[in-house]
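Student: Please show me the model, and then let us go through some of the labels attached to its residues.

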Amino acid sequence: MDAAIKWPPHHARSAERWENPFIPSGYTYLLQFIAHDLVHSAIPLSVAGGLGRGTTNARRTPLRLETLYGSGPVGSPHIYALDAPNDDRRTKLRLGRMRWKENEPASGCPFRDIARTPAENVTGIDRSIAGVRVALTEALVADPRNDDHAVMSQLTALLALLHNGLVDIIRGREDTAGPNGRFGAAYKRFLCARSALTAIYHNIIRNDLMQRVIHPAIYASYCGPSPHFMDRLASAGRLAPADWEIPFEFSHGAFRFGHAMVRPEYQINDLSLHDLNNTLEKTSANDPGNMPLDETWMVQWSRFFEINGSTPNFSRRIGPHLSDGLGNDQIFPPFDETARVGLLYRDLLGAGVAGMWSVDALIAEIGDRRPHLIAMSRLLADRAYRVDQLREWLVSSQTYGALTDEDVETLSNDPPLPFFVLFEAMQQTEGLRLGLLGSIIVSEVIFGALASDPQPAGGPLADQLDLISREFYLANVLQDIPDISNMARLVEFTTEIADLRQAVPAFL
């Protein structure tokens, strides 16, 4: 999987052959954020080396923005800002000041980073830069993985800005509460804003993200209000939180496809181009002495989504090849006796120890339940052809380490699921989206999680927001929120309500 792929040229849009002009790179990190919202365990399966208590998924309410909100203002007060100086009401998410490498301008928007703080270390270790900066070793976020790299923390800050803007909208339309009712009013306001952002988030996943990454035939089968899921009994209806589990075939198989979309470098804003290694290292854990993020890391969102005709950084095409930075031995160091480094090794090892279904078994099971889907793809329907195609590619490509003839036969006849999903995307869609098998696995889980939400979904966003508002208020306090059905519109709306149109550095 270390072979550079000779992609065909683009016919409709101008881009490098390895780029995917249909998926701006912001969606790569929305996928990562969604992965955090679906799966959270104490120890990665690849590092643990086997299934155990530390590898259990703690998420029981999928896609409810637990990765952003944690346990709310009461359960996770460290990620919320105080509403007033004389009590402990908290409704807004914390944000942190950015840092200026040069002289700070007279006008700007200082709160553009996630909140970060120093912490005294019991071991006596101090990573500060003496006489220059105190080390901000702790990211004040609900999920520490949301500070995995600079773009991830900036996406988290974007969503926090949107939440805080929604709180202001609601506050401006609600009745004034008396002194004894302020706590109740504050938490009602928080819950309404959280529910509204969750509805917007779901709307974008359903109508924007999934439409970009899923095979059109599979998207058409799952995008409706009542999809017929294979992995759920017809009588089950909505699943209770305790009944929801994520299959390893998704978390350690198909959904790893996002790693192939990561670019080798990013134009962060008008000021700066950063390579992937620098981007991955910009966290409180790795570089606390240079936190908070400075102006060269403030994301200009038209560089990551198509906004008003902008040409953003495009994601990589989906195929069995990862950017070199994902092999960084400082970010992904060796952890077992093989001394292998990099994210690719961890993906394949995790798939190996998870005990998931083989590609052949998955195809056979889906063929029994939905034979028309398997019949759409020769790669899935014809095993001999599938083995030949895999063998031909493995033999012709320069892979990581020399493959023996025995290795080639093993991988051709029993390919690891993460590898096959990438290979299928390369062969079926020229890497522009997932192939059929990958799309089915991802759709079963993502659309299944959306269907398990107690809030009604699938209809106009305005109707959903009206119902949410009336859970908490007599009037519709969310009536001014537009139809946000894609990430570009989310960024534009956040720019408006957070008053960031003239921000320095540029936000939009």
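Tutor: What follows sets values from the model against the definitions behind the labels. This is a predicted model, in which local features need pLDDT of at least 70, side-chain atom pairs count only at pLDDT 80 or more, and totals for chains, interfaces and linings use all residues. Residues are numbered from 1 along each chain as its sequence is written, and side-chain values use heavy atoms, with hydrogens and water left out.

Student: Why is Leu209 called buried?

Tutor: Buried means under 20% relative accessible area, exposed over 50%, and partly exposed in between (1.4 Å probe, protein chains only). Leu209 has 1% relative accessibility, so Leu209 counts as buried. Leu209 lies in helix α6, residues 182-213; helices (H or I, at least four residues) and strands (E, at least two) are DSSP runs, numbered from the N terminus.

Student: What does Leu209 touch?

Tutor: Contact means heavy atoms within 4.5 Å. Not counting residues up to four places away in sequence, Leu209 touches Tyr27, Leu30, Leu31, Ile34 and Ile204.

Student: Why does Asn328 count as buried?

Tutor: Its relative accessibility is 9%, so Asn328 counts as buried. Asn328 lies in the loop between β8 (314-316) and α10 (343-353).

Student: What makes the pairing of Asn328 and Asn277 a polar contact?

Tutor: A polar contact is a pair of N or O atoms within 3.5 Å; within protein, one must be able to donate a hydrogen and the other to accept it, and residues adjacent in sequence count only if both atoms are side-chain atoms. The side chains of Asn328 and Asn277 are joined at 2.8 Å.

Student: How do you know that Arg383 and Asp360 form a salt bridge?

Tutor: A salt bridge is a side-chain nitrogen of Lys or Arg within 4 Å of a carboxyl oxygen of Asp or Glu. For Arg383 and Asp360 the closest N and O atoms are 2.7 Å apart, and the pair is a salt bridge. Arg383 is in helix α14 (residues 383-396) and Asp360 in helix α11 (residues 359-369), 23 residues apart.

Student: What is the N to O distance for Arg386 and Asp360?

Tutor: The side chains of Arg386 and Asp360 meet in a salt bridge at 2.7 Å, N to O. Arg386 lies in helix α14 and Asp360 in helix α11, so the pair ties together parts that are 26 residues apart in sequence.
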